[in-house]
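Please look over the sequence and structure below.

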Amino acid sequence: MQLGRIQKIGAQNQEILTVSGDTYQFNVKTTEDEECITRNFEDTLILTHKRGTKKLTFNLTNFKSLTLQLKTLKFMKSILLSLEVPWDGEKRGFVNGSDIEEYVKNIDERYKLMLDVQKVFIDLNIPEDTLIEQREQNEDIFDQLKYLVDFYLYNKIEKLNIPNRHASTFFNYKIGNKMVVLYYCHTKKKKIVNLFAKEVFNEIFSTTVITNNITKESAPHSPYVLLDLESLAYSLNINFDIVKESFNHFDPFLIELASEVTNRFYLNCIRAFDLTNKVDYLDVAEFVLKKYHESATYKPKSLEEAIVTINEMQIRERKTNKLSESDLALLIDLKFQFDFINYTSLHFSVNVLLKNKQEANYSYKKLEKNVQDSFREYPIYYLYDQLLKEND
């Protein structure tokens, strides 16, 4: 018979710890072996105590959220200044290392940075508990936040990559796996502001005009249609009310040029929902689509109305996961109204929403290869892909 020996044991618990009169609550993962006890505080701080000694090793790891950073830094400083921590309700003392003053100084600097980040988040309407994860190993979130504070709070834009310093523009700034959309205003003293600030919207809306370079046809439009899919889906400071408000000042379907841009925008909103599962994107798309029924170009029983209907249906499908009997009847009517040969794309979309897997697959295969490829960029293809996976 062979006997084994346990090398390491672990546990994860919600712990309430009191240091220097302040109480902290953390989700703590504790692992123990013969040499060390290691405590991982919500993947932001790791404390390691070597058995038989009074030495404690600190390791700040991930950013995770502003809320967690502020709490963790304050907790760390309290431990360093008091030289004692409560484990399992029992206080244990630790020795004062020669570099403790340097540790405290670094914590103070980091804490000051987080307070500045807090000011930026408040101005951009970003919740402090927003989770932000490291995206690339060589792109440190803390460096990205420091740079954001420098140019947003303190107007230090020297290192900012603005191609034309004499023209106002908006741009993306990445923070880990998220981003913010900002506005560079060359005429103002404060150069970098929130793209979704009311005063910014009032300024840029009056100058946002889309133009066909060939026909020279032009039309007013929302400045936010210029946001690409990545900006829509991953920007932390998107103000959905401002975006909807921007569509109240013109007819987004009045001419073909405007209609094309509008269609692309609300389809990207639906795709942003598929990436984030945030229903606000569907609300914006639904809001914009309703404008078609109010448009001077509204034509009952037209192909345009059929396309709007299909897109309204796919929004409802995402919201409720089930279309009503009247919705299904309307979709079936569209199949009779538009023949298969000339409107194969429409039949494909309708069959997806009706969850006719075989007919949807048949319709898709009848499309030209380039049309098939273009459909992969449309939100209806996501539902098609989900339909194909059912019962597989």
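## The model

This is a predicted model.

## Aromatic pairs

The structure holds 26 aromatic pairs. One of them joins tyrosine 24 and phenylalanine 75. Their ring centres are 5.1 Å apart and their planes stand at 65°. Planes over 60 degrees apart count as edge-to-face, so this pair is edge-to-face.

The pair ties together distant parts of the chain. Tyrosine 24 sits in strand E2 (residues 22-32), while phenylalanine 75 belongs to helix H1 (residues 66-82). The two are 51 residues apart. Buried means under 20% relative accessible area. Tyrosine 24 has 5% relative accessibility, so it counts as buried. Phenylalanine 75 is buried as well, because its relative accessible area is 0%.

## A ring cluster

Ring pairs also build a cluster. Its members are Phe348, Tyr364, Phe375, Tyr378, Tyr381 and Tyr384.

Glutamate 101 lies in helix H2, which spans residues 100-124. Exposed means over 50% relative accessible area. Glutamate 101 reaches 68% relative accessibility, so it counts as exposed.

## A nonpolar patch

Leu303, Ile307 and Tyr343 make a nonpolar surface patch. The patch covers about 220 Å². Leucine 303 is part of helix H9 (residues 303-320). With a relative accessible area of 32%, leucine 303 is partly exposed.

Notes: Residues are numbered from 1 along each chain as its sequence is written. This is a predicted model: local features need pLDDT of at least 70, side-chain atom pairs count only at pLDDT 80 or more; totals for chains, interfaces and linings use all residues. Side-chain values use heavy atoms; hydrogens and water are left out. Helices (H or I, at least four residues) and strands (E, at least two) are DSSP runs, numbered from the N terminus. Buried means under 20% relative accessible area, exposed over 50%, partly exposed in between (1.4 Å probe, protein chains only). Rings of Phe, Tyr and Trp (its six-membered ring) pair if their centres lie within 6.5 Å; planes under 30 degrees apart count as stacked, over 60 as edge-to-face and the rest as tilted. Patches are made of residues with over 30% relative accessible area and no salt bridge: like charges are joined within 9 Å, nonpolar side chains (Val, Leu, Ile, Met, Phe, Trp, Tyr) within 5 Å. Accessible areas come from the Shrake-Rupley method with a 1.4 Å probe; for residues, only the protein chains shown count as cover. A salt bridge is a side-chain nitrogen of Lys or Arg within 4 Å of a carboxyl oxygen of Asp or Glu.
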